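I opened this model to go through its helices, strands and side-chain contacts one at a time. The entries below are in the order in which I looked things up.

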Amino acid sequence: MSVLEAVGDTSIVKLRKVVPPGSADVLVKLEWENPTGSMKDRMARAVIAAAEADGRLRPGGTVVEYTGGSTGTSLALVCSARGYRIRIVTSEAFSQEKRDHMTALGAELTLVPSEGGLTTKKLILDMIEAARTLAREPGAFWSNQLENHDSIAGYFPLAEEIWRQTDGRVDAFVHSVGTGASSRGVATVLKEKKPAVRMVAVEPAESPVLAGGAPGPHKIEGVGVGYVPPLWEPALVDGIEAVATADAKEMARRLAREEALFAGTSSGANVVAALRVAARLGPGATVVTLMCDSGLKYLSTDVYRGR
């Protein structure tokens with residue numbers, strides 16, 4: 001059995017302490033059960049398999065990507081398992097743990113400086129341009145996560161798991177948007193099975209571009225790229241919730257203390273938004289969201305350091 005066969009089939013649990021009385025049930029998928037501790041293992045496996053199948057990635061080739069860390073770590077895992085070189089463009093804006101994890105799996109890192117450790121539109125565009133340069137080398141396959149439609153299908157099995165684990169009793173799916181692939185993949189499948197399912201997107205309050213606002217710097221890693229991502233499909237979205245970085249961080253801490261769920265900042269944002277949706281839907285309904293990755297990826301950050 002390959003390590004890649006261990007991707008998926010993650011557990012789902014009900015939140016018990018942070019959900020106020022009178023709300024819908026809130027269930028969370030523990031995506032840190034994937035091999036690298038992140039949901040991104042799903043898309044990395046799908047993207048590499050598709051590139052192998054159509055010849056974009058050949059034996060001896062090199063995978064190139066720009067990433068805040070989780071996608072890069074997942075791609076590094078797949079490349080290690082499949083025998084490819086991988087070159088990653090990232091930044092000190094993202095946690096040291098993520099960079100160390102990528103390096104441990106064999107990734108060669110190129111660091112792009114940020115503005116004060118913040119995620120900004122300029123940082124994302126600078127990282128993309130650096131990856132574009134690396135991708136010009138012979139034998140390189142640029143996985144290009146913000147534009148690669150193969151990543152969407154990587155999340156179809158996640159939706160199937162949610163459907164099976166809830167016995168089809170899911171009324172809303174709430175999830176933060178980075179590339180848009182995961183929310184789009186899950187919504188596509190769930191809405192085919194149950195058209196009334198609500199898909200609620202989450203974005204940083206400091207950079208509410210999906211809702212038509214202006215981009216701005218924030219510190220919710222892996223989401224809110226500062227412009228509408230190419231894979232965003234508004235026809236599948238029924239609502240957008242803006243969550244402030246400070247609220248996302250505080251919820252991540254509460255989840256650890258009160259629910260024994262140790263997750264990252266985007267997971268905190270997911271739960272903040274899911275609680276709002278649960279309050280509106282009320283008792284008898286079910287809201288599902290994701291624990292995107294493990295809190296172990298953020299121990300050196302101010303989410304947990306010194307707490």
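**Entry 1: helix α2.** I began with α2, which has 13 residues and reaches 18 Å from its first C-alpha to its last, close to the 18 Å expected at 1.5 Å a residue. The model is a predicted one. I then checked burial: ten of the 13 residues of α2 are buried, so the helix is largely enclosed by the rest of the structure. The buried residues are Ser70, Thr71, Gly72, Thr73, Ser74, Leu75, Ala76, Leu77, Val78 and Cys79. I looked up what they pack against and found α1, β3, β4 and α3 (96–104). Just after α2, I noted Gly83 with a positive phi of about 85°.

**Entry 2: helix α1.** I went on to α1, one of the elements packed against α2. α1 has 15 residues, and its first and last C-alpha atoms are 22 Å apart, close to the 21 Å expected at 1.5 Å a residue. I listed its buried residues as Lys40, Asp41, Arg42, Met43, Ala44, Val47, Ile48 and Ala51. These pack against β2 (25–30), β3, α2, β6, α5 (150–153) and α6. After α1 comes Gly55, and I read its phi as positive, near 85°.

**Entry 3: strand β3.** I found five of its five residues buried, so β3 is largely enclosed by the rest of the structure. Thr62, Val64 and Tyr66 point one way from the strand, while Val63 and Glu65 point the other way. I looked for its pairing with β4 and found the parallel sense, over five bridges. Val63 stands opposite Ile86 in β4.

**Entry 4: Ile86 and the cores.** I followed Ile86 next. Leaving out residues up to four places away in sequence, Ile86 touches Thr62, Val63, Gly72, Leu75, Ala76, Cys79, Gly106, Ala107 and Glu108. I then searched for nonpolar cores, and the largest has 47 residues. Ile48, Val63, Ile86, Phe173 and Val186 are the residues with the most contacts inside it. I checked which elements supply this core: α1 (40–54), α2 (70–82), β4 (85–90), α6 (156–165), α7 (181–193), β8 and β10 (286–291) each give at least two residues. I also found a second, separate core of 30 residues, which includes Val174, Val223, Val243 and Ala263.

**Entry 5: aromatic pairs.** How many aromatic pairs does a search of the whole structure find? I got two. Tyr66 lies in strand β3 (residues 62–66) and Trp142 in strand β6 (residues 140–142), so the pair ties together parts that are 76 residues apart in sequence. I checked both for burial: Tyr66 is buried, with a relative accessible area of 3%. Trp142, at 19% relative accessibility, also counts as buried, because the cut-off is under 20%.

**Entry 6: His218.** I located His218 in the loop between β8 (198–204) and β9 (239–243). Is His218 buried or exposed? At 2% relative accessibility, it counts as buried. Its side chain reaches the backbone nitrogen of Ile220 at 3.0 Å. Setting aside residues up to four places away in sequence, I listed its contacts as Leu118, Thr119, Pro204, Glu206, Ser207, Val223, Gly224 and Thr245. Val223 had already come up in the second core.

**Entry 7: Arg257.** I found Arg257 in helix α8 (residues 245–259). At 56% relative accessibility, Arg257 counts as exposed. Its side chain makes a polar contact with the side chain of Glu250, at 3.3 Å. I also took the C-alpha separation of Arg257 and Lys17, which is 9.9 Å, with the two residues 240 residues apart along the chain.

**Entry 8: helix α9.** I closed with α9 (residues 265–281), a helix of 17 residues. It reaches 25 Å from its first C-alpha to its last, close to the 24 Å expected at 1.5 Å a residue. I found 13 of the 17 residues buried, so α9 is largely enclosed by the rest of the structure. Gly282 follows α9, and its phi is positive, near 80°.

Conventions
Residues are numbered from 1 along each chain as its sequence is written. This is a predicted model: local features need pLDDT of at least 70, side-chain atom pairs count only at pLDDT 80 or more; totals for chains, interfaces and linings use all residues. Side-chain values use heavy atoms; hydrogens and water are left out. Rings of Phe, Tyr and Trp (its six-membered ring) pair if their centres lie within 6.5 Å; planes under 30 degrees apart count as stacked, over 60 as edge-to-face and the rest as tilted. Helices (H or I, at least four residues) and strands (E, at least two) are DSSP runs, numbered from the N terminus. Buried means under 20% relative accessible area, exposed over 50%, partly exposed in between (1.4 Å probe, protein chains only). A polar contact is a pair of N or O atoms within 3.5 Å; within protein, one must be able to donate a hydrogen and the other to accept it, and residues adjacent in sequence count only if both atoms are side-chain atoms. Contact means heavy atoms within 4.5 Å. A nonpolar core is a set of buried Ala, Val, Leu, Ile, Met, Phe, Trp, Tyr and Cys residues joined through side-chain atoms within 4.5 Å. The expected span of a helix is 1.5 Å times one less than its number of residues. Two strands pair if DSSP finds at least two bridges between them.
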